[in-house]
Amino acid sequence: MGWSERQRLMLAEMGLSVWVPDATEEMAVVADAPRPTPAPGPAPARAAPVATGAPRDPQSATPAVPVDHPASTATSPVAALDWPALREAVAACRACGLCEGRRNTVFGVGNERAHLMVVGEAPGEQEDRKGEPFVGPAGQLLDSMLRALNLTRDPGPPERQVFIANTLKCRPPGNRNPEPEELARCEPFLQRQLALVQPRVILAMGRFAVQALLRSGEPIGRLRGRVHQYQGVPLVVTYHPAYLLRNLPDKAKAWEDLCLAAQILSD
Ligand code: URA
């Protein structure tokens with residue numbers, strides 16, 4: 001793949017650099033070494049990421065776990081809702097205990113007919129405050145990766161503007177992992193979002209998205225790098241951006257996964 005100057009700049013922003021060997025070899029994308037800790041002094045121009053609590057489990061290091069929530073919620077009344085009714089249902093949801101501690105539900109953002117739908121895990125503190133998915137440090141990384149592929153969450157045509165949603169619409173307290181019961185209660189919302197968006201490709205980020213969509217407890221490292229199917233829609237598995245922030249070498253693999261998703265989109 002040949003990279004434009006703009007894409008190289010984007011990759012650099014993600015902490016990835018394009019390594020150009022001699023003309024006979026293919027170009028490769030490699031994860032940059034961690035940046036040195038800046039010396040104390042004036043704040044940098046870009047706001048430093050704000051810690052949002054203890055990180056959830058690393059995505060790849062976790063062993064396979066059993067998937068113990070119901071296999072289908074197609075019979076849920078949620079399956080018949082249109083977009084406005086679905087938004088209202090999420091906003092009013094009291095199906096699990098997470099409603100007690102939330103500031104906002106986090107419905108999802110993006111184009112309702114997006115070609116690419118990104119599925120993450122659950123809102124963190126900043127998402128809970130703002131009511132929008134992936135607005136914290138992990139979201140900044142996700143946005144950079146999308147931008148490198150000329151994709152965005154900002155308003156645009158369905159081939160450019162993605163739709164981003166989570167498996168859970170409410171924040172688990174203290175950034176703990178979602179519980180099976182919570183995932184099961186929330187699942188009809190994600191299923192309905194997928195049915196309404198009808199994406200051409202799904203990008204499942206992290207093990208909870210993978211569990212919800214593929215019913216697989218396999219580690220991400222064993223599922224990524226190939227194309228799966230969710231109800232006939234191509235699905236690409238990748239690492240969760242929060243995991244990538246702590247595991248720089250896997251950024252290059254995540255970039256490959258995004259390129260795989262982009263390739264399917266362009267086919
Ligand atoms: N992590 C997620 O999976 N989703 C968010 O919205 C924020 C962080």
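**The ligand shell and the surrounding fold**

The residues of the shell around the ligand divide into 3 nonpolar, 3 polar and 2 charged. This shell belongs to a predicted model, and its members are G120, E121, A122, E127, P133, F134, N166 and H240. A polar side-chain atom of N166 is placed 2.8 Å from a nitrogen atom of the ligand. The backbone takes part as well: a backbone N or O atom of F134 lies 2.9 Å from an oxygen atom of the ligand, and a polar backbone atom of A122 is 3.1 Å from a ligand nitrogen. Taken alone, the ligand exposes 230 Å², of which the protein buries 95%.

The protein chain around this site holds 10 helices and 8 strands. Of its 267 residues, 51% count as buried. The chain exposes about 12,700 Å², and carbon and sulfur atoms supply 55% of that area. Among contacts between residues at least 6 apart in sequence, 73% join residues at least 24 apart.

The interior may be considered next. In soluble globular proteins, nonpolar side chains tend to be buried together. The largest nonpolar core here has 64 residues, and within it L116 and L213 touch the most other members. Helix α10, residues 251-266, gives the most to this core, with 8 residues. Beyond its sequence neighbours up to four places away, L116 touches L146, L151, V162, F163, V201, L203, A261 and L265. L213, the other residue named with L116, is one of the buried residues of α7.

Helix α7 spans residues 207-214, and because 8 of its 8 residues are buried, the helix is largely enclosed by the rest of the structure. The buried residues are R207, F208, A209, V210, Q211, A212, L213 and L214. What covers them includes the strands β4 (116-120), β6 (201-205), β7 (227-230) and β8 (233-238), together with the helices α6 (180-197) and α8 (220-223). Just after α7, R215 takes a positive phi of about 55°.

T167 lies in the loop between β5 (163-166) and α6. Its relative accessibility is 3%, and T167 therefore counts as buried. Leaving out residues up to four places away in sequence, T167 touches V119, G120, E121, L183, C186, L190, F208, A209 and A212. Of these, F208, A209 and A212 are among the buried residues of α7, while G120 and E121 are among the residues around the ligand. The side chain of T167 also reaches the backbone oxygen of E121 at 2.5 Å.

N104 lies between α3 (98-101) and β3 (109-110). With a relative accessibility of 31%, N104 counts as partly exposed. Its side chain reaches the backbone oxygen of R129 at 2.9 Å and that of D128 at 3.0 Å. Apart from neighbours within four places in sequence, N104 is in contact with D128, R129, K130, G131 and K169. The C-alpha atoms of N104 and G131 are separated by 5.2 Å, although the two residues are 27 apart along the chain.

Finally, the backbone geometry of two further loop residues deserves attention. Most residues other than glycine have a negative phi, and most peptide bonds are trans. N150 is not a glycine, yet has a positive phi of about 65°. N150 is found in the loop between α5 (137-148) and β5 and, with a relative accessible area of 36%, is partly exposed. Q231, also a residue other than glycine, has a positive phi near 45°. Q231 sits in the loop between β7 and β8, and its relative accessibility of 68% places it among exposed residues.

Terms used: Residues are numbered from 1 along each chain as its sequence is written. This is a predicted model: local features need pLDDT of at least 70, side-chain atom pairs count only at pLDDT 80 or more; totals for chains, interfaces and linings use all residues. Side-chain values use heavy atoms; hydrogens and water are left out. A nonpolar core is a set of buried Ala, Val, Leu, Ile, Met, Phe, Trp, Tyr and Cys residues joined through side-chain atoms within 4.5 Å. Buried means under 20% relative accessible area, exposed over 50%, partly exposed in between (1.4 Å probe, protein chains only). Helices (H or I, at least four residues) and strands (E, at least two) are DSSP runs, numbered from the N terminus. Contact means heavy atoms within 4.5 Å. A residue is near a molecule or strand if one of its heavy atoms lies within 4 Å of it. A polar contact is a pair of N or O atoms within 3.5 Å; within protein, one must be able to donate a hydrogen and the other to accept it, and residues adjacent in sequence count only if both atoms are side-chain atoms. Accessible areas come from the Shrake-Rupley method with a 1.4 Å probe; for residues, only the protein chains shown count as cover. Ala, Val, Leu, Ile, Met, Phe, Trp, Tyr, Cys and Pro count as nonpolar, Asp, Glu, Lys and Arg as charged, and the others, Gly among them, as polar.
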